[in-house]
Structure formats: C-alpha cells, structure tokens
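Biologist: I'd like to learn how to read a structure like this one. Could you walk me through a few features?

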Amino acid sequence: MCGITGIFAFNLVGKFNKIHVTNATMSLSRRGPDFQDIYLDDWVALGHRRLSIIDTASIAHQPMWDESKRYGIVFNGEIFNYQELRDELIAKGYSFFSHSDTEVLLKLYIDQREKCLSRLNGFFSFCVYDKEEQSFFVARDRYGIKPLLYVFDEDKFIFASEMKAVLQYGIEKTLDYSSLYSFLQLNYIPAPDTIFAPVKKLMPGHYMTVRRQQLDIQPYYQIPYEREKENASGLSYDQAKEKLKTLLEAAVQRRLVSDVPLGSFLSGGVDSSVISALAARHKPDLHTFSIGFRDEKFFDETDYARAVAKKLNTRHTVFSLTNDDLFAHVHAVLEYTDEPFADSSALAVYILSKETRKHVTVALSGDGADELLAGYNKHAAAYRMLHPGWKENAVTGLQGLWKILPKSRNSTLTNKIRQLARFSEGASLSTQDRYWRWASFASQDEALALLQPALRTEAGLQEFMPRRSTLLRTLPPHENINDILLTDMNVVLPNDMLTKVDLMSMANGLEVRVPFLDYQVVNFIFSLPESYKIDHRLRKRILQDAFRDVLPEQLYNRPKKGFEVPLLKWFRREMRSLITDDLLSEAFVTQQGIFHYPEIDKLKKQLFSNNPGDVHARIWGLVVFQSWWKKYH
C-alpha cells in the first residue's frame, strides 16, 4: 500500500515547483503512514509513501534504483506473478538484491520496456525515471484499480496517486464545467477528466512516455471482445462453468500470498461469498467481515453473510451499525474526499475498511462481478427490454401512472415503483441515451437547470457531448448485454466502484484485492455469450450455477440490495441544518455563484415531500460538492 508522486520540470519555471514534492508526498500519508522517501535532482523529483506490510527482506525502499543508477521507480500496487517473472529474469542473467515485486517490475521494464505491461498480473500505477534518456514512463493497470492523476503543461509534468497531492504543487484550480455537469448527473466524474481543467486521469490500460515538453499516451490493453462471435470461447455452458471455476480459484490463490494478516469481505451476496469460499479452501483460518445496519433491516444482509460463514467455517466478524454510527463517519468521508465523488455507499465501505483494518491488513473483495456478469438491476431491465413480453409492454404502457405514484428506495413497494418508472422511461430512449439515463440520478436537462443561467452557455459545457460519446462508443444502436457490460467495465467500474474502494480503503490503510479482475478471468468472461450470464430468471447465471454446491441455498433468488445508507432519514433529521442553513442555504449558494438556487429549493421541497424519488442521491451529490468547494476554494 503506497502513494506516489513526482514532477519533471522542463524549464526554470517548472523547476521552481520541485520545492512542493515534500508536501505532496506527505499529503499521501494515509496511503502509506509508515515511511516516506524523496528523490531530487536538477529537473526531477519523486516521492513515495508506504505502509510496512511485508517482511524486512521484502521492503522496497523507493524510489528504487537498479545497480547502474540509471533507472529509478516509484510504484503503487501489487504484482501477483512477480516470482515467476523474477525466475525468468534470473535465467536471463539479472540479479536481485531484494525479494520485492518492485525490483522485479523495474528490471522487467529495463528488459522489455512497455511490453512488460502485458506480462503483469496485478494492480498498479508506477513511474520509471530514465536518467540517461531524461524520460518518465508512467502506467496504470488494465481496469483502473489504482489511480493516477497528472498535469502536463509547457513548464512541467506532475503525477500523483490523489488530487490532494497534485494540488500541493500550486496548480491553477480552474473548474471544469463539463466535469461538473457530468457529476450532477452521475455523482462521479469519468476519466480522463477531473473537476479541475488542468488535471487529468491516466485511463486504465494506458501508459505515458514523458520527455521534455512531449507527452505520448498509448493504450496497451483493451478487453478482447469480439461482438460478431456469439460464443468466442467455443465452450458449452457446462464446460464454461468448469473453466470459470478453475480461473477464479487460481486468481484467488494468487491474491492469498501475503506476509501480513489477510481476510475477506463477506457481504452476504453471491460475489463476495464465492471469493470467500475459494479463499477458505486454501486458508483454513480465513477471517471474514461484514457490515450490517441494525436500524435499517431493509438494507441489512448480515443473516446471509452469517449463513455463508457458517457453511465455510470462517472466523466471521459482523460490524452491526446504528444510524448514529453511520452518521458519525459522514464528516470523515467528506474530509478525505479531494474531488467530488458522491456514491453514498462509500460511507459503508469506509466503515467496513476501518473496522476490518483492526484485524487484517489485506482483504479480498467481490468487486467487478456485477459489471462482468450482469448483476445489477439495470442489466435485468436491459435484458427484458431487449427480450420483451407482455409484462414489459404493460410496464412501458403505464409510464404515466409510474410518474405520479410515490417513489423512494426506502421500502420494497416504493422502490419497485421507482424501478418501473425508470424502466418505462428508458423504453422511449435510444441505446446510448438509455444507458446514460440509467447510470444517472438526474437527466441532462435537470442537471443543466441546477447551474446558474449564465453558466448554462459556458464554453466548457460544449465538451460534454463529445466526452459522453467517447465514453459510450462501445454501445452500438442495437446493443446486446455484452455491449452494456463492456461499457460498464470502461465507465462505471473504474470511475465509481473502484474509485470508491480505493479511496475508502486507503483512507484506512487497508489493501483490497479483487480476484474477479484478474485479467485472465475478465478475458475469459468476455468470450462468453450473454445467455451464459443472464436470462429472464437469473443474473450472473454462470457464476451462481458454477458455485451452487458450495453456497447456502438462501443466497439464490433474492433481491439485490447493495450498500445503501439511510440518506433520506438523515437529510430529514440529523443533516437537515446542513442543507437548510449551511451548504445548500440560499445565502451560501447565491454567494458562491455556481448553482441556480430556485432549482435547489425545488429539490429540498421534494426531499421533505411524500414522493422523494431519488432526490436524496441528488442532494447528497450537492452536499459533497459544496463540502469539497469549501475546502478547495
């Protein structure tokens, strides 16, 4: 677990910014609370924070240099196949002075340059400095498990693991209005853009080469999906089940190698249960962890988690929280968030990570399975829309009724009405518009109305539609489920789900490993037809069928809940003053000059009405943005 940062100055103006590398490195202390190392020369500065999670023989002091002192590396992540890569390099004549994956990565780069990336099985962001060539080589893992932000201008190139470190270099904090517009719809900001115009995110599966005032960005990986081949694997359903079991078990085994205490998240859903079951085969004393909501039985899944733990015979710990426990952590989450990010389940992940870290240093998770195997409600809705029957036609025909009925996420009935309303709305939209709408909490018109009239014609907003088109380029006019899953892997997974887990786990010094995102597993799953993943009866079909014999029967055929938190109740009670008198007050909004207060007032009135719908998610997005604005402006 590490945090990295660095700067390459191109001239004397850029050179002045090198003085900030110490503060930038220190700002990453939550990612690596134990050690800090900094390197400086005439034009370059590199910083590294790390947590001591390995034995002393494996500690990689960073920046790490090869014997010639030509190449140095700062590295954040884990390479799970580094031992076999090390053996290959030794056979070629390379020698090693440590047992770390960092040194293996450095020497693999020296041996193979950018081709080394295709050899890596793990998650990472790193920078190699070549003193002789005077260049940086910067790369990010295939799916965006680890973050990498950067700034490139005529004076300098800056990179860092988090925005808070980038800001230490004194960059211009110019608001990117297209990013804000996206945020007001999605509650997160898709890469490569950020909330600040000068700052970008390196896309997953890409690398950068930086030489004086030259930046070259190239892809090295994309998911191998052949749309025209219905079943590129050539395997029957039963054969595919067996291969999935083999690949996933190998992925879990690779991620069990650790010199420190290791456990597994166990939510009670199929994904984390499968990972825990596979881990328990190879680690008999496996410690599993789940979080429950004592005051919110509608969202609580701990009974399922306990059933799985009992069947697997794991050492299981449940963190049973009251609404007060949850609320007590709201400000800690807002404080750590250095770019607007308003997936409210981040709060639950923060607490789960905080409590888990008291027992272990590394945890496995089931993240990625929903995006790979059609696990979300929207996937079931899309499947029904692509394969309609009389029920689907009836729901679509009753769109007017769904609009007027009360909708919210806080009960089974009102949540079902909310889902039916979104389904009927999506039926009238094009493929890309439907995907974007179902990924959003607000329509484009609703988000635009929130901005001050003068900002609605802001030149920056003109970039939104080209950006959206790029994000949705994998969705053809007549989509299938695999097209939607590929888009989820490129948009939702790295920018929402993985961002959430990385931020909240790193805030608590916990490393989270995700076996479903082993690239061999991902590549295989995208060779399978949609019918192996979803039908009218079952989502994540092949996963559920493959592991049916090792999981409790009660896990099957039950509604998907997810990590919900009781925002609606908080906004009506504990957080009411924050909305009415502080962050969303008329005085603050007017003085700020970004939002059109009458629209915010409408949202507040809906929040306190009998028909709140998804307004609490939109209010949360505004609260997150306003809290962030206060810190950084």
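This is a predicted model: local features need pLDDT of at least 70, side-chain atom pairs count only at pLDDT 80 or more; totals for chains, interfaces and linings use all residues.

Biologist: Let's start with helix α7. What span should its 18 residues have, and how far apart are its end C-alpha atoms?

Modeller: At 1.5 Å a residue, α7 (residues 237-254) should span 26 Å, and its end C-alpha atoms are 26 Å apart, so the two agree.

Biologist: And which residues of α7 are buried?

Modeller: The general idea first: an α-helix has 3.6 residues a turn, so residues three or four places apart point the same way. In α7, the buried ones include Tyr-237, Ala-240, Lys-241, Leu-244, Leu-247, Leu-248 and Ala-251. Their cover includes α8 (270-282), β16 (362-364), α23 (519-525) and α24 (541-546).

Biologist: On to the rings. How many aromatic pairs are there?

Modeller: A search of the whole structure gives 31. One of them joins Tyr-129 and Phe-136, edge-to-face, with 5.7 Å centre to centre and 90° between the planes.

Biologist: Are those two buried or exposed?

Modeller: Buried means under 20% relative accessible area. Tyr-129 is at 1%, so it counts as buried, and Phe-136 counts as buried because it is at 0%. Both belong to one aromatic cluster, with Trp-65 and Tyr-150 also among its members.

Biologist: Last one: what lines the second largest pocket?

Modeller: That pocket has a volume of about 620 Å³. It has 31 lining residues, and the closest to its centre are Met-203, Pro-204, His-206, Arg-473 and Asn-490. The lining divides into 18 nonpolar, eight polar and five charged residues. Helix α20 gives the most, with five residues.

Conventions: Residues are numbered from 1 along each chain as its sequence is written. Side-chain values use heavy atoms; hydrogens and water are left out. On a 1 Å grid over the protein atoms alone, a cavity is a set of points where a 1.4 Å probe fits but cannot get out, and a pocket is an open set with protein on both sides within 12 Å along at least five of seven lines; lining residues have an atom within 4 Å of a point. Grid points are joined across faces, edges and corners, and a volume is the space filled by probe spheres set on the points. Helices (H or I, at least four residues) and strands (E, at least two) are DSSP runs, numbered from the N terminus. Ala, Val, Leu, Ile, Met, Phe, Trp, Tyr, Cys and Pro count as nonpolar, Asp, Glu, Lys and Arg as charged, and the others, Gly among them, as polar. The expected span of a helix is 1.5 Å times one less than its number of residues. Buried means under 20% relative accessible area, exposed over 50%, partly exposed in between (1.4 Å probe, protein chains only). Contact means heavy atoms within 4.5 Å. Rings of Phe, Tyr and Trp (its six-membered ring) pair if their centres lie within 6.5 Å; planes under 30 degrees apart count as stacked, over 60 as edge-to-face and the rest as tilted.
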